[in-house]
Amino acid sequence: MAFENLSDRLQMAMRRVTGKGRLNEKDIDEMMREVRLSLLEADVHFRVVKQFTKGVKEKAKGEKILKGLNPGQQVVKIVRDELEKIMGEKAVPLNVKDQGLSIIMLVGLQGAGKTTTVGKLAKFLQDKQNKNPMLVALDVYRPAAIDQLKTIGQELDMPVFEKGTDVNPVQTAKEALGFAKDHNHDVLIIDTAGRLQIDEKMMQELIDIEAAVNPDEILLTIDAMTGQDAVTTAKGFHDQLPISGAILTKLDGDTRGGAALSLRQVTQVPIKLMGLGEKLDQLEIFHPERMASRILGMGDVLTLVDKVTENIDETDMMSMMEKMMSGNFNYNDYIKQLKMIKRMGSLGGILKLIPGVGKALKNQDIDEKQLVYVEAMISSMTKEERKQPRLIEKSSSRRRRIAKGSGRKVSDVNRLIQTMQQQSKMMKQMKNMDPSKINPNNPLGSMPKQKAKKGKGKGKGRFRF
Amino acid sequence: MGFFKNLFSSKAKKEKARKYKIGMDKTREGVLSNLKDVIESSQTIDDELFDDIEEIFIMADMGVDTVVKFVDHLKATVSDQKIQTAEDFKELIIDEMFKLYVQDEIVTSNLDIEDDRLNVVLFVGVNGVGKTTTIAKVAHEYINKGKNVLMVAGDTFRAGAIEQLETWAHRVGSDFFSKPAKSDPSSVMFDALNYAKDNNIDLVLCDTAGRLQNKKNLMNELEKIHRVIGREVSNAPHETLLVIDATTGQNGLSQAKIFNEVTTLSGIVLTKLDGTAKGGIALAIKEELGIPIKYVGLGEGLDDLEHFDLEEYMYGLFSGLF
């Protein structure tokens, strides 16, 4: 694909009009074509796209170009705002009661990720809302689907209610309900078999289960990679069942996830959660406003900022900042920094959230092991060396010793030293920066840009926080 | 001109194509059959009509780039040949579609499986596309052809994956090889291939864990699996099939590209075509990367895996047009 994101597309299309004070009809038409293609490439349903571009066009007409933006950026902003409007203003919480038994049922096509998500959801409710969930296996069709859920149950140390493959799922659901009440569970999470929305018999089964247990939430589980058919699927399920929300799975892939927009526009149901990996703790609250950027291919700065703030101790953070500013940054601080990065999870995952880096990194290997290597090298330094980086810079025998001790090459040690030097230099620059440009509420706000630049380089441990 | 009509004039062909058509007819709002309405209701062949046509193709997930190029080409041809009637225009669309996808090549969807040799087929793909079920269906086909088939549980990661394949193995009467969950998949392949050599197996079907193509570590793991297979059996795997869900959108291209880099794909299996999705992304993959579609999944039954026939598929897509 020629253009990674809408922003690039529009910049290209708008080169000739840069500097204009107002957009004219022709400019807008041209840009709308780019918007349209960009959204289609992101798998947004074409009818949704049509409706959407019409709305944006109205908005863009006669709009004054804001100071500091070029026409391309201006349109991106309008598009983004409109997208956010459709996606919904903010995250919609799960409908789980404070007291008594809440019942959640997951439905969807085959292979959407229902069973895994049932496990994740159970863990999510246990960890974040202190619930005591029980899982119910109703997929009697796919071979070993019940085994799969039982394995997940074991891993989570949670009970899985199942009656084998010979009992009617409606019957099992009813029994599960009684069992959960008797055993003081406060959440019942029901896994159902994957099915096509056009399979009448199978859809009837869902309707019967729904009638039997009367769930608080019926969540449509949908693969983020779904193309144009997302609308048909969502509509099919929504027409036959009172779907109360959706879960978007496999968002850790490189899909732009335009299906989310279609889903939202066509059914109006909120997307409540998103799956971000195969591990059971990789389920997160869905932030609709952030999805807009992703669909446009513009990274997800907010999620990054969240991740950073969630995983880093504030005092640690502040002392690190002070240290950095003082210009006395040494290897002890460096290793602390690395550990912070590690805590935030996969480096590749984080970098992808940064606008521009996603693209830059496409052809680059992000070697998580680099972190381990750097750690090993620093561990092979003496205490003195860690405190005083200059000692190593001056002595080649020290460098050789460190290389040997850590099982790396001398060139690796040299690279580490270089990184360290660059760090110090950057620190000094930062120190001289105009403090008014740093957002006091969010000292991290200014970070992504620097990081974006760094992400292209070789040394992966250079990011500062 | 008239290529399409000629192609489907024979009754036998039409009969064969019926299954595709049924599979693809299930959609409530016919997608490509919209073409007919759109073309016939339009008084002139104008830009608006071209826009509508573009959208209809995009609806089938045919790949935005491909479609835009194709429609531009149509525009040029229409003005060159001064095409004015709806009838001629429809013919032109279909002829050009066939030119684009069918070309002159002889399309064979048969797998590279020979007698008197240990054949290995590796199945790869993202999570939830239907790899395990597809393996069962392929095993079923070759068992019916009298082959000794071994199914290898290479997905040691996902809960229940080994049991799932084992259940299928029992159902289709295939030999089955597995190691405990969480084993290194490459070691599973290594042991399985040695087992196959000792046990007179003709065809080894290797399952792998679903993996998203942007997960570097998992792709490295797959590369290793691929390498180990090649080391144990010369020229193996003889086929590496990427399984893609027909509902997949533009991401299918990224999947094909990256899996192809890691394992050199020999074909695509397009699953779940019995739903409402058209699986047009497979055409985009063929067009952009030249990887042929070998099988299509048209249902959950063991017999619902068909060797892909491009002409039949196109017929299924366009049958509403006439």
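A:Pro242 is partly exposed, with a relative accessible area of 47%; here buried means under 20% relative accessible area, exposed over 50%, and partly exposed in between (1.4 Å probe, protein chains only). This is a predicted model, in which local features need pLDDT of at least 70 and side-chain atom pairs count only at pLDDT 80 or more, while totals for chains, interfaces and linings use all residues. Residues are numbered from 1 along each chain as its sequence is written, chains are lettered from A and ligands numbered from 1 in the order in which they are written, and side-chain values use heavy atoms, with hydrogens and water left out.

Setting aside neighbours within four places in sequence, A:Pro242 is in contact with A:Glu210 and A:Ile218, contact meaning heavy atoms within 4.5 Å. A:Ile218 is 24 residues away from A:Pro242 in sequence, and their C-alpha atoms are 6.9 Å apart in space.

Next comes the meeting of the two chains. The contact takes 47 residues from chain B and 40 residues from chain A. Together the chains bury about 3900 Å², 52% of it on carbon and sulfur atoms; buried area is the accessible area (1.4 Å probe) that two parts lose on being put together, summed over both. On the side of chain B, B:Glu55, B:Met59 and B:Thr276 lose the most area to chain A, together 14% of what that side buries.

Side chains of opposite charge can pair when their charged atoms come close. A salt bridge is counted when a side-chain nitrogen of Lys or Arg is within 4 Å of a carboxyl oxygen of Asp or Glu. The rule finds 35 salt bridges over all chains, and 5 across the interface of chain B and chain A. A:Arg36 forms one with B:Glu55, the closest N and O atoms being 3.7 Å apart. A:Arg36 lies in helix H2 (residues 25-41) of chain A and B:Glu55 in helix H4 of chain B, so the pair joins two chains. Both residues, A:Arg36 and B:Glu55, are buried. B:Glu55 also forms a salt bridge with A:Lys50, with 3.4 Å between the closest N and O atoms. A network of salt bridges links A:Arg36, A:Lys50, B:Asp52, B:Glu54 and B:Glu55.

In another salt bridge, B:Lys215 and A:Asp252 have their closest N and O atoms 2.3 Å apart. This pair too crosses between chains, from the loop between strand S4 (203-206) and H10 of chain B to the loop between S6 and helix H10 (259-267) of chain A. B:Lys215 is partly exposed at 25% relative accessible area, whereas A:Asp252 counts as buried at 10%.

Finally, what of the interior? In soluble globular proteins, nonpolar side chains tend to be buried together. A nonpolar core is a set of buried Ala, Val, Leu, Ile, Met, Phe, Trp, Tyr and Cys residues joined through side-chain atoms within 4.5 Å. The largest nonpolar core has 169 residues, and B:Phe57, B:Phe89, B:Met151 and B:Val204 have the most contacts inside it. A second, separate core of 25 residues includes A:Ile104, A:Leu121, A:Leu135 and A:Leu273.

Terms used. Helices (H or I, at least four residues) and strands (E, at least two) are DSSP runs, numbered from the N terminus.
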